[in-house]
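Here is a short report on a single protein chain. It moves from the overall fold to a surface patch and then to one residue.

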Amino acid sequence: MPGIDILQSSSTTFDVGVRGYQQPYQPRLLVLVDGRQAFIDDYARTIWDNIPVNIDDIRQIEVVKGASSALFGSNAAGGVVNIITYSPLYDNDNVASLSYGTQNTLSGSATATVKLKNWGGVKITAGGMNANEFNTPRSAADTSLAMDPSHRYLMENSVFQLTPELQAQTELTYSESRDIGAELLNSLASQVATTYSVRGGLGWQTPYGYITSNNYLNHTRLQLHFGRFGTHPAHSAEVIISQLQDQFKLGNDHTVRLALEYQHRTFRMDTPSTPIPQMPVTDQDDYAVSGTWLWQISDKWSWTNAARFDHQDQAQTGELSPDDFVTTADYSHALNAFSANSALIYEATHIDTFRLSYGRGLQIPSLVQVGYITNASVGPLVFGNEGNPKLQPTVVTNYQLGYDRKLADIFSTVKASVFYEMNENATAINPVFATRVVNGLLYSLIQDINVGDSQAFGGEIALKGSHPSGFRWAASWSYSRVYDSALVAATLNYAGSAPRSHFRLTGGYTTGPWEFDVNAQLLTSSNMLGTSAAGVTGPMHTDGYGIVGGRLGYNVNDHFSVSLSGTNLNRRVLDMNPYPAIERQVFLTLTGKF
């Protein structure tokens, strides 16, 4: 998709950025699975290979580019990815697949749906993966992170039609993953993540509108090992979210949605740090009220507006060292934040549509950034990571103009857009560490601060279509130019984090039981921050490159298909960024649908 940047730092580890703003542990993109956040609040990030979803069970993926906090909640500062799976009530999805490929990758997944006549459905999904990590050169510190990736997951989803007006939903998930990938200090880290979630919700059609309730708990336990800084004490991040909304119509032209939301976030150390034992706990309570109004002005004009207000209270408990720079009382504070979205749509003709949109989004500081203290010992040096209770949210303001035109003569649609984005109060680790002697050891303070502003402009143009004869095609070009203030450039270097230009070309053809697809991409150079083998951090130049992927599929019968797919087919090894080079990946997959 044009405007989306992918940072791959190992065989299974990815980060997804939007329009030139790329970084490890990406905090600007909110990721949802059927309305439940897969986003983890410890460092404010998404562990993509830990998401418990079977790719064959995905109905569609919605991508929103630009600030969308008023519509989707806090931390939808740069965009949203919403993964939607098949419903066990309305769909009969029974699918299983087995795949083997390079890096000795073996993976399997299955989804089974049980229908309870016309009043309910239960869906069970399970899967797993084992692989070898890329065998490409890396520093001695990174080589110490010896861990092959793996993933195990299990999910249950049920929907019950209790009455013609009342529907109930439940969901249980469990996921465990191991991987190595890019981390905040521009080097590699290994992690073991174990996540479970519990969810329940209702949908009720009433005379006063359609009322929905969505309630869930996400719990993640993580063990991190930073190659240069040793093993991080195990920690847990937990969020409880309760959402209540009512969507109703006022006359024929106005649709209104009113919503209340409560979030309780907790960060705790599961094991004490060394050499100064600490087990702090950070608690946040977030209360939000929001509203959306869609006005169908005429057959050609429509206008959508959304606003959201968040109030957050935070407190710190647990054991802190008497030698630390702050006390638990310093962390008790409140935060108020406002976000908004507006979009004006003009359907000039049945084939021409114009869109003008505005967004004000918020990147709320993570639990680690504002709340906890821990220590890690590396020889005679003690690293102390202290939250900054004075850290302010990053405010993202986005303006966009878009145009779509249907080209019936060539069975295609062309989409074009231009944007301008402003980021105020970006956050990063303080490049000037404070130091002091603690219990005879040199103690170095690592703390996040607001480092300044960044702005970007650019656009995308894409052509996509398909022909009844079986041909399909897509071509796009995206461009983003980022300008950073001096301290943002030194600590985040958004301006160099992603290629400015990205060209994409895909084509496919289906004939009888055969399916052929190929995609080619051309990216310009980048200068993302990285850490050299000598331990020096700074912009590291990566040349532009071209990459080719493809898929050959054969439908054996109505139930079984076999496919051969691969990425980076035009070269065995590719330097995509400052992290270890990426190897070619090829997979043979057998899929059954019943």
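The protein chain holds five helices and 37 strands. Its radius of gyration is 24 Å, close to the 25 Å that the globule rule gives for 594 residues, so the chain is as compact as a globular protein of that length. The model is predicted. Along the principal axes, the C-alpha atoms fill a box of roughly 75 × 60 × 50 Å.

Buried residues account for 51% of the 594 residues. Of the contacts between residues at least 6 apart in sequence, 62% join residues at least 24 apart. The accessible surface is about 25,900 Å², and carbon and sulfur atoms own 61% of it.

**A nonpolar patch**

W514, F516, L552, Y554, V556, F560, L564, L588, L590 and F594 form a nonpolar surface patch of about 910 Å².

F594 counts as exposed because its relative accessibility is 52%, and the cut-off is over 50%.

**A buried serine**

S501 belongs to strand 29, residues 501–511. Its relative accessible area is 10%, so S501 is buried; the limit is under 20%. Leaving out residues up to four places away in sequence, S501 touches W477, S478, Y479, L522, L523 and T524. With W477 there is also a polar contact, side chain to side chain, at 3.3 Å.

Conventions: Residues numbered from 1 in each chain as written. Predicted model: local features only at pLDDT ≥ 70, side-chain atom pairs only at ≥ 80, totals over all residues. Heavy atoms only, no water. Patch = residues over 30% accessible without salt bridge, like charges linked within 9 Å, V, L, I, M, F, W, Y side chains within 5 Å. Areas by Shrake-Rupley, 256 points an atom, 1.4 Å probe, with all protein chains shown as cover. Salt bridge = Lys/Arg side-chain N within 4 Å of Asp/Glu carboxyl O. Buried < 20%, exposed > 50% of the residue type's maximum accessible area, 1.4 Å probe, protein only. Helix = DSSP H or I, 4+ residues; strand = E, 2+ residues; numbered from the N terminus. Polar contact = N/O pair within 3.5 Å; in protein donor to acceptor, adjacent residues only side chain to side chain. Contact = heavy atoms within 4.5 Å. Rg over C-alpha atoms; globule rule 2.2 N^0.38 Å.
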